[in-house]
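Colleague: I would like to learn how to read charges, sulfur bridges and ring pairs in a model. Could you walk me through them?

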Amino acid sequence: GTSYYTMIENKKVVITAPQAELDVIIAIGTTTVAEGGEEEIDYTCGDASDPDCWSDQGPGTYAWGPIATTTNINSSTDGKANTLALVAIAGSYPAAEYCNALTEDDVPAGTWYLPAKDELSAGRAAIGYGGFPSEYYGSSTESSSNSEDYCWGMYADSGTPWDGWKSNAHAIRCLR
């Protein structure tokens, strides 16, 4: 397809619309020119208040991980770091693993992550209740009140954080 871009400080802001008639696919990102002259697209967004940075509603519910385990993965603002740390631990952290493996909208795996507690609340404020139709959403932040058994999540109707069982499955939306 045709690519349209603008140069900003040695990077291109890329907007493409290949075959945009009925199957609309739009890639938004920046490219840098690597050694050898190949362009690399950066699909990261990093702004939880931007609705375009969020994945579609997930296909199911996922547990944060096992109880009776403290990981000290508890940033309330850096879901990407939390997710990368969770998937690097031997064990099962299904919500983080799902987001890390997501390839939605041609955005490659490893770009999406499970949002941290504050990112989840910012997304709910930006997207609104309609974008979070399930009752409870999980985050990548381990709880500070009982780190062995609880993680942070959010009540979708109010956007209020809660801490609950890591082993309970909750809806998730991934962020990039």
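Predicted model: local features only at pLDDT ≥ 70, side-chain atom pairs only at ≥ 80, totals over all residues.

Colleague: Let's begin with charges. How many salt bridges does a search of the whole structure find?

Modeller: The general idea is that side chains of opposite charge can pair when their charged atoms come close. Here the search of the whole structure turns up one salt bridge. The partners are Lys166 and Glu142, whose side chains meet at 2.6 Å, N to O.

Colleague: Which parts of the chain does that pair tie together?

Modeller: Lys166 sits in the loop between β8 (161–165) and β9 (169–171), while Glu142 belongs to strand β6 (residues 136–142), so the pair ties together parts that are 24 residues apart in sequence.

Colleague: And are Lys166 and Glu142 buried or exposed?

Modeller: Both Lys166 and Glu142 are buried.

Colleague: Now Glu119. Which side chain of opposite charge is nearest to Glu119, and how far away is it?

Modeller: That side chain is Lys80, 9.8 Å away. A salt bridge needs the nitrogen and the carboxyl oxygen within 4 Å, and Glu119 has no salt bridge although this residue is buried. When you meet a case like this, look next at the backbone. Glu119, in helix α3 (residues 117–127), has a side chain that reaches the backbone nitrogen of Gly79 at 2.9 Å. The Glu119 side chain also reaches the backbone nitrogen of Ala116, at 2.8 Å.

Colleague: Leaving aside neighbours within four places in sequence, what else is Glu119 in contact with?

Modeller: With those neighbours set aside, the contacts of Glu119 include Ala48, Trp54, Ser76, Thr77 and Asp78. Gly79, Tyr113 and Leu175 are also among them.

Colleague: On to sulfur. How many disulfides does the structure hold, and which cysteines do they join?

Modeller: The structure holds two disulfides. One joins Cys45 to Cys53, with an S to S distance of 1.5 Å. Another joins Cys99 to Cys174, with S to S at 2.1 Å. If you count bonded cysteines along the chain, the pattern is 1-2, 3-4.

Colleague: Where do Cys99 and Cys174 lie?

Modeller: Cys99 is in helix α2 (residues 94–101) and Cys174 in the segment after β9, 75 residues apart, and the pair links distant parts of the chain. For handedness, read the torsion about the S-S bond: for Cys99 and Cys174 it is about -80°, so this disulfide is left-handed.

Colleague: Next, rings. How many aromatic pairs does the count come to?

Modeller: The count comes to eight aromatic pairs. To read one, take the distance between ring centres together with the angle between planes. For Trp64 and Tyr93 the centres are 5.5 Å apart and the planes stand at 90°, so the pair is edge-to-face. Trp64 lies in the loop between β5 (61–63) and α1 (79–88), and Tyr93 in the loop between α1 and α2, 29 residues apart. Trp64 is buried at 3% relative accessible area, and Tyr93 is buried at 2%.

Modeller: A further edge-to-face pair is Tyr150 with Trp165, at 5.2 Å centre to centre and 90° between the planes. Tyr150 is in strand β7 (residues 150–155) and Trp165 in strand β8, so the pair ties together parts 15 residues apart in sequence. Here Tyr150 is partly exposed at 23%, as is Trp165 at 38%.

Colleague: Which rings are linked into a cluster by ring pairs?

Modeller: Trp54, Phe132 and Tyr137 form that cluster.

Colleague: Last one: where does Ser55 lie, and what is it in contact with beyond its sequence neighbours?

Modeller: Ser55 lies in the loop between β4 (39–42) and β5, and is buried with a relative accessible area of 2%. Leaving aside neighbours within four places in sequence, Ser55 is in contact with Leu102, Glu104, Trp112, Arg173 and Cys174. Compare sequence with space here: Ser55 and Leu102 are 47 residues apart in sequence and 9.0 Å apart, C-alpha to C-alpha.

How values were computed. Residues numbered from 1 in each chain as written. Heavy atoms only, no water. Helix = DSSP H or I, 4+ residues; strand = E, 2+ residues; numbered from the N terminus. Buried < 20%, exposed > 50% of the residue type's maximum accessible area, 1.4 Å probe, protein only. Lys, Arg positive; Asp, Glu negative; His and termini not counted. Polar contact = N/O pair within 3.5 Å; in protein donor to acceptor, adjacent residues only side chain to side chain. Contact = heavy atoms within 4.5 Å. Disulfide = S-S within 2.5 Å. Phe/Tyr/Trp six-rings, centres within 6.5 Å; stacked < 30°, edge-to-face > 60°.
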